Amino acid sequence: MENQSIVTEFFLMGLSQYPELQLSLFVLCLIMYLIILLGNSFLIIISTIDSHLHTPMYFFLGNLSFLDICYTSSFIPSMLITFMSERKSISFIGCALQMVISLALGSTECILLAMMAFDRYVAICNPLRYPVIMNNILCIHMAAWSWVIGCFFSLLQTVLAMTLPFCGNVIEHLTCEILALLKLVCSDITINILIMTVGSIVLLMLPLLFIFISYVFILSSILRINSAEGRKKAFSTCSAHLTVVILFYGSALFMYMKPKSKDTKTYDEIIVLSYGVVTPMLNPIIYSLRNKEVKEAVKKVLNKQLHLWKI
């Protein structure tokens, strides 16, 4: 067994081997973070003030936007400080908080995307009963359970990881990411790997399977629509969600389901940036550009503001 020590802080050394890129990474991540804050806040405001968007789909979209703001805020500000700091450190408590919050919100998003797939399934496959099935109580329960399950798995994994003995405090990663942290552990991590595997199945594979089955039924229903215009309209209501699912699950599956290696590779850190920063930035853009109702709501708000300014 290696010599274990009491760890009070960790050093985040992800991409530190490229000092010439630190300023560029700082500027790039700062710009993307501002876009995330503005874009997702804008979607929340639009879906709140426009009564036409008071539907289950936009209720879940509002949850997703709020979640993306919180998720990125859990690690991007500290990552920006790390890029511009000589001493790239984070306290033990700060690392634990970053891990539990980012894991909780990332896990919640997995389940929330599955809930949104169910909403689209009911809307297209059972449109006449849609208002009855997707009532306010059910929507609140679906969103709440997404948060509860995500937070439970996050808390469990974080507590199990942070109570282990560490043989070092240099994390070869941009954030306090659990896979990178476990490489510093001196003792057996079989239980941690087991819990992570169960979590990957419950939070990644099962929601993804549910989404896949939902879209099989959705596509089947769309193909039975006689008119080409009707098929196009039906598919347009799902295209934004499907695009977000592919982006989110593509990077998440690559990051957490690929074979584990001892050395943290540079491309792993790039994937983290994609998974943690690029996807939340693109979500509001995708929903705005590919959703007619959102574009109409934006036009309405802008026209109202222009009218007020003229007065």
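This is a predicted model: local features need pLDDT of at least 70, side-chain atom pairs count only at pLDDT 80 or more; totals for chains, interfaces and linings use all residues.
**Disulfides.** I searched the whole structure and found two disulfides, and, counting bonded cysteines along the chain, I noted the pattern 1-3, 2-4. I looked up the bond between cysteine 95 and cysteine 176, with an S to S distance of 2.1 Å; this pair links distant parts of the chain, cysteine 95 lying in helix H4 (residues 92-125) and cysteine 176 in the loop between strand E3 (170-171) and helix H7 (178-182), 81 residues apart. Cysteine 95 is buried at 0% relative accessibility, and cysteine 176 is buried at 3%.

I then turned to cysteine 167 and cysteine 186, whose sulfur atoms are 1.4 Å apart in a disulfide. Cysteine 167 is partly exposed at 22%, whereas cysteine 186, at 15%, is buried.

**Salt bridges.** I recorded two salt bridges in the structure. In one, arginine 87 meets glutamate 9 at 2.4 Å, N to O; the pair links distant parts of the chain, with arginine 87 in the loop between helix H3 (76-84) and strand E2 (89-91) and glutamate 9 in strand E1 (residues 9-12), 78 residues apart. Arginine 87 counts as partly exposed at 48% relative accessibility. Aspartate 119 and arginine 120 also form a salt bridge, at 2.9 Å, N to O, and I found both of these residues buried.

**Surface patch.** I noted a nonpolar surface patch with about 740 Å² of accessible area together, its members including Ile201, Phe212, Ile213 and Phe217. Isoleucine 213 sits in helix H8 (residues 190-223) and is partly exposed at 39% relative accessibility.

Terms used: Residues are numbered from 1 along each chain as its sequence is written. Side-chain values use heavy atoms; hydrogens and water are left out. Patches are made of residues with over 30% relative accessible area and no salt bridge: like charges are joined within 9 Å, nonpolar side chains (Val, Leu, Ile, Met, Phe, Trp, Tyr) within 5 Å. Accessible areas come from the Shrake-Rupley method with a 1.4 Å probe; for residues, only the protein chains shown count as cover. A salt bridge is a side-chain nitrogen of Lys or Arg within 4 Å of a carboxyl oxygen of Asp or Glu. Helices (H or I, at least four residues) and strands (E, at least two) are DSSP runs, numbered from the N terminus. Buried means under 20% relative accessible area, exposed over 50%, partly exposed in between (1.4 Å probe, protein chains only). A disulfide is a pair of cysteine sulfur atoms within 2.5 Å.
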